[in-house]
Amino acid sequence: MDKLSEAIKKRVSCRTYSDKPIEENIRRQLEAIVKAAHEGPFGNRPKFKLLSMETVTPAQWKKMGTYGVIKGARIFLAGIIRPGHMAMTDYGYCKEKIILQATLLGLGTCWLGGTFQSDFFAQAAGLQPGALMPTVTPLGYPASQKSLTEKLMRRFAGSDQRKPWKDIFFADDFSRPLPENAAGRYRAALENLRLAPSASNKQPWRVLYNAEKKVFHFFLERSQQYKMMGIAHLQDIDLGIAMSHFEITAREMGLKGSWSIKKDMPQEKMREYMVSWQEAEKN
Ligand SMILES: Cc1cc2nc3c(=O)[nH]c(=O)nc-3n(C[C@H](O)[C@H](O)[C@H](O)COP(=O)(O)O)c2cc1C
């Protein structure tokens, strides 16, 4: 396995880690991936850091809030971004690419973005004023058995399930589902988008395909609950993750295209228009 589109199929959240340390050569490759320059389709440049947990005491570990669900991780990937237009989407797009490369290296990962005590991580990563750390991700070898908390979380979020095509992909308008066999050469790209991880597995992305204009319009069906909780940005991150899955698969299949935000898109009550993938003239 060396293709990112294969990693997309293999990736699954891991919350229980083995105590085996990450092998030296794997760790070096990981560091190179993390340290490289990252830029999303909208020009935002998130930065990433690996944080070692070797010196964290059990008492400190307990204070990490949400991270109580994570057992045994020795390394965390922290992401840093400055606020800006489509910044969270670029952040999700760039970080998922790192996560998929880590998957190719045989490592388990888990996006963590719920409410949490971020002070510890912010301090460890040297977060500058004005910069944000929207998520962190543990990295390591998966343990042979999942903890009970992990099993319950997976069941609660329905993590093994994804919405069927008819609920998320549409042709021309939202009253017409896009059948798999009408997606043409983009069938695999859409299927891999469908496999994307999302906060609480809400899968908020909706895609409208206009075959005549050769364009895929991406929308978000946002959760009101997230808005009320002040964590709406997690779904902008979900969008970036979905875009990365779609683009990675399309490019690996030799399909060319680019992202843009179209003007004059119809305003939908329940679905917010976000971005479009325009196929290149010659594909
Ligand atoms: C932006 C984002 C935030 C997430 N936050 C958390 C979290 O705080 N805690 C957690 O255990 N899982 C979290 N997850 C993991 C999702 O629950 C998981 O991706 C989803 O249930 C699908 O399962 P899978 O990743 O195994 O395919 C998050 C995922 C995303 C994309």
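The shell around the ligand has twelve nonpolar, nine polar and two charged residues. In this sorting, Ala, Val, Leu, Ile, Met, Phe, Trp, Tyr, Cys and Pro count as nonpolar, Asp, Glu, Lys and Arg as charged, and the others, Gly among them, as polar. Please keep in mind that this is a predicted model, in which local features need pLDDT of at least 70 and side-chain atom pairs count only at pLDDT 80 or more, while totals for chains, interfaces and linings use all residues. Residues are numbered from 1 along each chain as its sequence is written.

**Around the ligand**

In total, 23 residues surround the ligand, and the closest are W111, G113, G114, S159 and P197. A residue is near a molecule or strand here if its C-beta atom, placed from the backbone, lies within 6 Å of it. Two elements give two or more residues to this shell, α6 (148-157) and α10. The largest share, four residues, comes from α10. Helices (H or I, at least four residues) and strands (E, at least two) are DSSP runs, numbered from the N terminus.

**Two domains**

The protein chain is assigned domain 1 (4-152) and domain 2 (165-279), with bounds that come from an automatic or database domain assignment. The ligand shell draws at least three residues from each of them. Taken over C-alpha atoms, the centres of domain 1 and domain 2 are separated by 24 Å.

Where the domains meet, 19 residues of domain 1 are in contact with 19 residues of domain 2; contact requires C-beta atoms, placed from the backbone, that lie within 7 Å. On the domain 1 side, α1 (4-10) and α4 each supply at least two residues. Helix α4 gives the most to that side, with eight residues. By class, the side of domain 1 that touches domain 2 divides into eight nonpolar, seven polar and four charged residues.

Two packed helices are described by the angle between their axes and the distance between the axes. Axes are lines fitted to C-alpha atoms, for helices over the stretch in contact, and angles run from 0 to 180 degrees between N-to-C directions.

| Pair | Angle | Axes apart |
|---|---|---|
| α4 (residues 87-104) and α10 (residues 233-252) | about 50 degrees | 7 Å |
| α8 (residues 187-194) and α10 | about 150 degrees | 8 Å |

Helices α4 and α10 are therefore oblique to each other. Their contact includes M88, Y91 and K97 of α4 and H233, I237 and M243 of α10. By class, this contact has seven nonpolar, five polar and five charged residues.

Helices α8 and α10, in turn, are therefore roughly antiparallel to each other. Angles under 35 degrees count as roughly parallel, over 145 as roughly antiparallel, 65 to 115 as roughly perpendicular and the rest as oblique. Here A188, A189, N192 and L193 in α8 meet A242, H245, F246, T249 and A250 in α10. The contact of α8 with α10 has six nonpolar, three polar and no charged residues.

Methods: Two residues are in contact if their C-beta atoms, placed from the backbone, lie within 7 Å.
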